[in-house]
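Good morning, and thank you for coming. I would ask everyone to look at the sequence and the structure together while I speak.

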Amino acid sequence: EAEKKHHPDKNVEPAGMLYFHVQDPQVQIETEGEVDEIDFERSLLSKYSCKGYVNQKTEILEKLDAELGSHGELNSSVKSLCYPVKTKKDGTFAVGTNVFSDEMWEKLIAHVKDLVHQNGKEILEGNIRIHPYRLNTKSGCDYCGMKDICGIEKNNRQEVENVLEGIDK
């Protein structure tokens with residue numbers, strides 16, 4: 001929305017919603033012989049691969065990764081090193097490729113706006129209780145830097161956890 005306001009004359013669309021592990025990856029290279037720059041770069045890109053969803057439009061995908069497509073056409077039998085996109089021999093998306101249509105992006109954005117509004121309203125109403133999420137086997141407590149001092153004992157977590165249900169894309 002901010003980009004649309006800054007560029008009202010342009011068609012602004014999401015390219016993706018990607019999760020990136022913020023840790024410097026280590027790439028093993030052989031010390032004997034010359035280092036092939038292309039192989040090194042490909043290895044590094046694969047270490048920096050992202051999880052998440054990208055726009056299904058070819059013109060957007062080819063700007064993210066030129067190997068995925070060109071001139072408005074998806075390339076066949078390609079797997080992006082950085083993005084969760086893979087194409088089949090016929091140039092269509094392979095099973096498991098995480099792409100969203102315009103309609104799916106609109107639904108996702110509307111859902112996130114609702115959640116932000118709901119949470120903001122609760123905070124303004126004074127609701128600041130400890131309420132970490134649980135989604136299947138993962139909990140917000142697993143990633144929290146304050147878990148050792150917050151006061152929630154492992155055996156009492158279930159009493160305060162906000163159990164989330166997965167959302168079908």
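In which helix does leucine 45 lie? Leucine 45 belongs to helix H2, which covers residues 37-47. Helices here are DSSP runs of H or I with at least four residues, strands are DSSP runs of E with at least two, and both are numbered from the N terminus.

Before I continue, two remarks on the source. The model is predicted, so local features need pLDDT of at least 70 and side-chain atom pairs count only at pLDDT 80 or more, while totals for chains, interfaces and linings use all residues. Residues are numbered from 1 along each chain as its sequence is written, and side-chain values use heavy atoms, with hydrogens and water left out.

Let us return to leucine 45. With a relative accessibility of 32%, leucine 45 counts as partly exposed; buried means under 20% relative accessible area, exposed means over 50%, and partly exposed lies in between, using a 1.4 Å probe and protein chains only. Setting aside neighbours within four places in sequence, leucine 45 is in contact with Leu81 and Cys82, where contact means heavy atoms within 4.5 Å. Leucine 45 and leucine 81 are 36 residues apart along the chain, and their C-alpha atoms are separated by 5.8 Å. Cysteine 82, for its part, touches Leu45, Ser49 and Cys50, residues up to four places away in sequence not being counted.

The largest nonpolar core has nine residues, among them Cys82, Tyr83, Val54 and Val99. Such a core is a set of buried Ala, Val, Leu, Ile, Met, Phe, Trp, Tyr and Cys residues joined through side-chain atoms within 4.5 Å.

I turn now to the sheets. In general, strands of a sheet pair through backbone hydrogen bonds, in a parallel or an antiparallel manner. In this model, two strands pair if DSSP finds at least two bridges between them. Four bridges join S1 to strand S2 (residues 51-55) in the antiparallel sense, and methionine 17 stands opposite tyrosine 53 in S2.

Another open sheet of three strands has the order S7-S6-S8, again with mixed pairing. Here S7 and S8 stand at the edges, each with a single partner strand, so one side of each is left without a neighbour. S6 and S8 run parallel and are joined by two bridges; tyrosine 133 stands opposite asparagine 162 in S8.

Which residue lies in the loop between strand S6 (133-135) and strand S7 (138-139)? That residue is asparagine 136, whose phi is positive, near 60°, although the residue is not a glycine. Asparagine 136 counts as exposed, at 67% relative accessibility. Histidine 71, in the loop between strand S3 (69-70) and strand S4 (73-74), likewise is not a glycine and has a positive phi of about 55°. Histidine 71 is exposed, at 80% relative accessibility.

My last topic is charge. Side chains of opposite charge can pair when their charged atoms come close. A salt bridge is a side-chain nitrogen of Lys or Arg within 4 Å of a carboxyl oxygen of Asp or Glu, and the whole structure has six of them. In one, glutamate 13 meets lysine 57, with the closest N and O atoms 2.5 Å apart. This pair links distant parts of the chain: glutamate 13 is in the loop between helix H1 (2-6) and S1, and lysine 57 is in the loop between S2 and helix H3 (58-64), 44 residues apart. Glutamate 13 is partly exposed at 27% relative accessibility, and lysine 57 is partly exposed at 22%.

Another salt bridge joins lysine 107 and glutamate 103, at 3.5 Å from N to O. Both residues lie in helix H4 (residues 102-124), four residues apart, which is about one turn of the helix. Lysine 107 is exposed, with a relative accessible area of 56%.

That concludes my presentation, and I thank you for your attention.
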